[in-house]
Amino acid sequence: AMSLIKGLPLAGASVAGRRVKFEFTAKDRFGNLQRAKSFELTEDSFEVVVEPILTSEEDIYLPADQALLEKSISIEPTSESSYSASFQPRKAFVYQVSVRLRGKDLGNSPVMQEVIPSGIGSQFNVLTGLSGQTPAGD
């Protein structure tokens, strides 16, 4: 009965460019839900870490890709002991998602989440092989 990530992995793959949402609940080592601590000035600091699993040398994932991913991560409290978190991956990979408290993974963390390509975007496609000339006789 420890802290757990709920909602990941999604029932199916997520789509690149769409926000992936999940929840986690904070419990102590005895399984008790976290309660507000009036004597503490700061909240527990949870960290969500999302990293792609690169499986071949052909996988291209730049530092700028990771910077955009990290910038998209958000954590919001939904109650005294529950949190909602999300991230928005732009590249199709399997991602390892970890939720950590003071550097230690929560109970079932990390989890894997597959992200598949979204629909074709015309701005990223280039027409090649045509010279733009009209064939003779037309």
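This briefing goes through the fold, the core, the helix, the salt bridges and some local features of one protein.

The structure is a predicted model, in which local features need pLDDT of at least 70, side-chain atom pairs count only at pLDDT 80 or more, and totals for chains, interfaces and linings use all residues. Residues are numbered from 1 along each chain as its sequence is written, and side-chain values use heavy atoms, with hydrogens and water left out.

**Overall fold**

- Along the sequence, the pattern is β-β-β-β-α-β-β-β-β-β.
- The protein has 138 residues, and 30% of them are buried. Buried means under 20% relative accessible area, exposed means over 50%, and partly exposed lies in between (1.4 Å probe, protein chains only).
- Of the contacts with a separation of 6 or more, 62% are between residues 24 or more positions apart. A contact means heavy atoms within 4.5 Å.
- The protein exposes about 9600 Å², and 52% of this is supplied by carbon and sulfur atoms. Accessible areas come from the Shrake-Rupley method with a 1.4 Å probe, and for residues only the protein chains shown count as cover.

**The nonpolar core**

- In soluble globular proteins, nonpolar side chains tend to be buried together.
- The largest nonpolar core here has 23 residues, of which F22, F24, F46, V97 and V99 touch the most other members. Such a core is a set of buried Ala, Val, Leu, Ile, Met, Phe, Trp, Tyr and Cys residues joined through side-chain atoms within 4.5 Å.
- At least two residues of this core come from each of β3 (20-25), β4, β6, β7 and β9. Strand β7 gives the largest share, four residues.
- Leaving out residues up to four places away in sequence, V97 touches I5, L8, F22, V48, V49, V50, F87, S109, P110, V111 and Q113.

**The helix α1**

- The buried residues in α1 are D65, Q66, L69 and S72. They line one face of the helix, because seen down its axis they fall within an arc of 120 degrees; the arc is that of the directions from the helix axis to the C-beta atoms.
- P63 and K71, on the other side of α1, are exposed.
- The cover over the buried residues of α1 includes β4 (46-53), β5 (74-77), β6 and β7.

**Salt bridges**

- Side chains of opposite charge can pair when their charged atoms come close.
- The count of salt bridges is two. A salt bridge is a side-chain nitrogen of Lys or Arg within 4 Å of a carboxyl oxygen of Asp or Glu.
- One joins D65 and K91, whose closest N and O atoms are 3.9 Å apart. D65 is in helix α1 (residues 63-72) and K91 is in the loop between β6 (82-87) and β7, so the pair ties together parts 26 residues apart in sequence.
- D65 is buried at 16% relative accessibility, while K91 is partly exposed at 32%.
- R100 and D105 form a salt bridge with an N to O distance of 3.2 Å. R100 is partly exposed at 22% relative accessibility, and D105 is partly exposed at 37%.

**Backbone features in the loops**

- Most residues other than glycine have a negative phi, and most peptide bonds are trans.
- The peptide bond from S109 to P110 is cis, with omega near 0 degrees. P110 lies in the loop between β8 (104-105) and β9 (111-116).
- R102 is a residue other than glycine with a positive phi, near 50 degrees. R102 sits in the loop between β7 (94-101) and β8, and counts as exposed at 63% relative accessibility.
- N108 is in the loop between β8 and β9, and is partly exposed with a relative accessible area of 28%. The C-alpha atoms of N108 and S98 are 8.8 Å apart, and the two residues are 10 residues apart along the chain.

**A buried serine**

- S14 is in strand β2 (residues 14-15) and is buried at 5% relative accessibility.
- Leaving out residues up to four places away in sequence, S14 touches V20, Q113, E114, V115 and I116.
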